[in-house]
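Today I am opening a new notebook page for one protein model. I will write down what I look up, step by step, so that you can follow along.

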Amino acid sequence: MTDITLQQAERVLAAALAKATNRNLAMNVAIVDAGGNLKAFSRQDGAWLGSIDIAIKKARTARYFDMPTGTIGSLSQPGGPLFNIEVSNGGLITFPGGLPITIDGAVVGAIGVSGSTVENDHAVASAGADALALAAALA
């Protein structure tokens, strides 16, 4: 299994934090490795304490199922094929802000962001995930 390195996780974290700062947001950003273990984390000044756990769970949820948390949320609505999945695995987060991180098509980890609207959380997570994909493409 390919795993995200600490240097790569820090690159993802830095890009996400830069996006949050650019949008004048205070965010919690979590990066997990391929096994779903916390690899890097940052809580910006003023970010909600309650969002720490949410950011970590978004990252783990995205890694456990290798899909964006917003996609899982769509599938977990009443009557959906994944209804009640959020109560599995010690608690999942099934709204936007968590994304798998890939290199050359292989999932190496995930990012989870919390602290604003789900649209902002997703945009900040995307900036982080995209930074690693761009760096890998340029290498």
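**Entry 1: a pair across two strands**

I began with Asn28, which stands opposite Arg43 in S2. Helices and strands here are DSSP runs (H or I of at least four residues for helices, E of at least two for strands), numbered from the N terminus. Strand S1 covers residues 28-33 and strand S2 residues 38-43; the two run antiparallel and are joined by five bridges. I noted the rule for pairing as well: two strands pair if DSSP finds at least two bridges between them.

**Entry 2: what I am looking at**

Before going on, I reminded myself that this is a predicted model, in which local features need pLDDT of at least 70 and side-chain atom pairs count only at pLDDT 80 or more, while totals for chains, interfaces and linings use all residues. Residues are numbered from 1 along each chain as its sequence is written, and side-chain values use heavy atoms, with hydrogens and water left out.

**Entry 3: the other neighbor of S1**

Which strand do six bridges join to S1? I found strand S4 (residues 106-114), which runs antiparallel to S1.

Next I checked burial, where buried means under 20% relative accessible area, exposed means over 50%, and partly exposed lies in between (1.4 Å probe, protein chains only). Six of the six residues of S1 are buried, so S1 is largely enclosed by the rest of the structure. Asn28, Ala30 and Val32 point one way from the strand, while Val29, Ile31 and Asp33 point the other way.

I looked up Ile52, which sits in helix H2 (residues 50-65). Is Ile52 buried or partly exposed? Its relative accessibility is 26%, so I wrote down partly exposed. Leaving aside residues up to four places away in sequence, Ile52 touches Asn28, Phe41 and Arg43; a contact means heavy atoms within 4.5 Å. So my opening pair turned up again, because Asn28 and Arg43 are both in that list. Ile52 and Ala30 are 22 residues apart along the chain, and their C-alpha atoms are separated by 8.2 Å.

Gln8 belongs to helix H1 (residues 6-22). Its relative accessibility is 19%, so Gln8 counts as buried. With residues up to four places away again not counted, Gln8 touches Asp3, Ile103 and Leu132.

Ser126 is in helix H4 (residues 118-138). With a relative accessible area of 16%, Ser126 is buried. Between the C-alpha atoms of Ser126 and Leu49 I noted 22 Å, with 77 residues separating them along the chain.

Most residues other than glycine have a negative phi. Asn24 is exposed, at 71% relative accessibility.

Asn89 also has a positive phi, near 55°. I found Asn89 in the loop between helix H3 (69-75) and strand S3 (98-103). Its relative accessible area is 48%, so Asn89 is partly exposed.

**Entry 4: stepping back**

How many helices and strands does the protein have? I counted four helices and four strands, and along the sequence they follow the pattern α-β-β-α-α-β-β-α. The radius of gyration, taken over C-alpha atoms, is 14 Å, close to the 14 Å of the globule rule for 139 residues, so the protein is as compact as a globular protein of that length. That rule is 2.2 Å times the number of residues to the power 0.38. The C-alpha trace spans about 45 × 35 × 20 Å along its principal axes.

Buried residues make up 46% of the 139 residues. Of the contacts with a separation of 6 or more, 62% are between residues 24 or more positions apart.
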